[in-house]
Amino acid sequence: MNLPDIIKFVIDLLAVLLLALGIKGLSKVRSAREANILAAFAMLLSVVGLLSYYLGTSGIPSQSWAWIIIGSLVGSLFGILLAKKVPMTSMPETVALFNGFGGMSSLLVAIGAFLFPFNEVAKVGSLEPFINDASISVSIFVGAITFSGSIVAMAKLQGWLSTPGWTQVKARHFVNIVFGVTSLISFIYLISGNVSSIWLLVIASTILGIGVTLPIGGADMPVVISLLNSYSGIAAAAAGFVVDSQLLIVAGAMVGAAGLILTQVMCKGMNRSLISVLFGGSLSAQTTTSSGSGEYTNITSCSVEECALTLEAANRVIVVPGYGLAVAQAQHTLREVTKKLEQNGIEVLYAIHPVAGRMPGHMNVLLAEADVPYEQLKEMDIVNPEFPATDVVLVLGANDVVNPQAKNDKSSPLYGMPVLDVQEARTVFVIKRGMSAGYSGIKNDLFDLPNTSMVFGDAKKVLSELIGELKDLGIGDK
Amino acid sequence: MNFDSLLWVLLLGSLLGLELIGKVPPTLHTPLMSGANAISGITMLAALTAIIKAEPNSPLLIIGSISLGFALFNVVGGFFVTDRMLAMFSRKPTKKNK
């Protein structure tokens with residue numbers, strides 16, 4: 001080992017250590033922010049290590065420098081712009097987009113490495129050419145799936161794409177298998193020396209990514225994004241085999257494995273298995289065909305004024321936020337309402353279901369943006385025993401996570417999913433635009449209960465009316 | 001580096017990843033996902049290697065450069081957006097301590 005080798009080895013080792021510490025720290029509230037900066041620093045370090053190694057050995061041609069600078073400037077600039085501009089409410093889409101581009105990067109570099117080989121893999125008769133082609137294929141396959149899958153996920157979360165009915169037919173599994181097998185065949189052609197079959201592999205795996213993601217319904221989207229995130233780690237690790245870099249392999253493998261664990265954690269929160277998320281398709285399509293019964297018999301609707309009067313008399317109010325709150329961008333208005341209530345000595349808590357919103361932690365991010373004190377956010381297990389001693393529950397744009405069917409009705413597709421026991425409270429107000437079902441497409445028994453009142457309207461509009469009503473009652477005016 | 005030692009690296013890296021996050025509070029699911037996502041942009045190292053090793057005037061320079069751009073978009077954007085999210089969480093306790 002000569003000097004550049006040793007320096008690179010030490011830097012890489014340090015980078016891996018910092019990355020591991022970074023991931024570890026990101027899973028604790030106290031250390032998360034520093035851990036993120038640490039991980040970013042480790043990435044920078046890894047680049048410095050790589051550049052210094054080549055500077056010390058073969059040198060870096062000036063032409064390469066030019067392309068490095070162009071690529072990194074453009075990429076970083078757009079990355080910063082998007083990261084700074086994007087509203088907190090569309091975080092899930094943003095992560096999906098970033099993830100897709102990461103997959104695209106692995107895909108491109110693998111294509112480049114295949115068409116214009118730059119690594120010495122000459123030993124004829126040895127296993128090396130095979131391994132090189134195999135890692136390129138894996139990198140292309142996983143990279144393309146990550147890219148197309150993430151873009152579809154983003155488009156669905158943005159509302160640009162819905163779940164088309166035809167994607168729910170069983171035949172889709174057959175179509176996906178066809179494209180999976182096509183990928184496999186083109187892989188075999190590729191390693192046996194057929195160069196052009198690389199394009200077949202690219203196309204087949206891209207379509208496979210779309211085919212697998214498109215049928216998945218809104219509520220399962222976070223799981224899919226987390227899984228795709230794990231894939232992009234695997235794609236990076238495969239790229240590590242292509243360019244012979246242990247650092248890439250370790251970092252990619254760490255992200256891949258950690259992403260898998262996170263996916264598992266999210267599935268548990270929804271009482272779904274990973275298999276059913278991936279192959280079960282969207283819940284809504286299944287239920288409309290199997291159990292069509294969804295008639296409400298005992299709906300009570302009430303005015304904003306009544307709601308304000310009930311709130312005024314309350315001692316303790318629990319807010320249950322959901323995706324509807326994010327869509328209506330009503331978090332700041334909500335905060336104004338709860339501030340008024342607090343000024344009147346009413347205790348306000350927020351019940352956060354683990355899968356409320358489109359991403360775990362979505363509601364935490366959203367409410368944090370509106371300056372809701374962190375201590376008022378309560379996780380499901382902690383808040384559930386509190387409902388019987390609660391006067392008013394405000395359900396804002398949440399639906400499936402407060403459906404008592406999950407506890408009572410064994411035939412319900414939701415059965416077994418942990419839910420918030422809001423019906424235990426004295427009065428429940430559900431602020432909702434209409435009677436449409438939640439993402440599972442299932443009737444919500446909560447709406448039929450005698451202590452539930454519906455307040456129809458857009459969350460933001462209702463909440464600002466509520467502020468007016470509370471003002472009229474003299475609440476929170478100081 | 002020979003193949004079998006790279007496989008060991010892959011195996012041990014995966015095991016490390018499995019062990020790193022055991023219990024994550026739901027609050028941190030999104031930032032953790034976003035942070036891990038930024039790290040997966042480590043494939044930028046592969047893009048860099050490709051650009052450095054490319055022959056002059058090779059199309060590989062352009063492919064590598066585009067790949068590097070995508071990777072850095074992921075890395076830089078990912079870390080910034082994660083920081084933005086985490087900044088919101090960390091603001092509260094400091095306020096309380098004062």
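Thr427(A) lies in strand E5 of chain A, which covers residues 427-432. The structure is a predicted model. Thr427(A) counts as partly exposed because it has 19 C-beta neighbours inside 10 Å, while a residue is called buried at 20 or more.

Neighbours within four places in sequence are left aside in what follows. Thr427(A) is then in contact with Thr310(A), Asp391(A), Val392(A) and Asn451(A). Ala42(A) stands 385 residues from Thr427(A) along the chain, and the C-alpha atoms of these two residues are separated by 52 Å.

Chain B carries two spans that its unreviewed UniProt entry annotates as "transmembrane region": residues 32-52 and residues 59-81. In the model, residues 32-52 of chain B are 81% helix and 0% strand, with their end C-alpha atoms 32 Å apart. Residues 59-81 of chain B are 100% helix and 0% strand, and the end C-alpha atoms of this span lie 33 Å apart.

The two chains also meet. The contact involves 98 residues of chain A and 77 residues of chain B. On the side of chain B that touches chain A, the elements giving two or more residues are helix H1 (3-20), helix H2 (29-39), helix H3 (44-53) and helix H4 (59-97). Of these, H4(B) gives the most, with 33 residues. By residue class, the side of chain B that touches chain A comprises 50 nonpolar, 23 polar and four charged residues.

Notes: Residues are numbered from 1 along each chain as its sequence is written. Chains are lettered from A and ligands numbered from 1 in the order in which they are written. This is a predicted model: local features need pLDDT of at least 70, side-chain atom pairs count only at pLDDT 80 or more; totals for chains, interfaces and linings use all residues. UniProt positions are given in the numbering used here, feature names are shortened, and annotations may be inferred rather than shown by experiment. Helices (H or I, at least four residues) and strands (E, at least two) are DSSP runs, numbered from the N terminus. Two residues are in contact if their C-beta atoms, placed from the backbone, lie within 7 Å. Ala, Val, Leu, Ile, Met, Phe, Trp, Tyr, Cys and Pro count as nonpolar, Asp, Glu, Lys and Arg as charged, and the others, Gly among them, as polar. A residue is buried if 20 or more other C-beta atoms lie within 10 Å of its own, exposed if 12 or fewer, and partly exposed in between; C-beta atoms are placed from the backbone.
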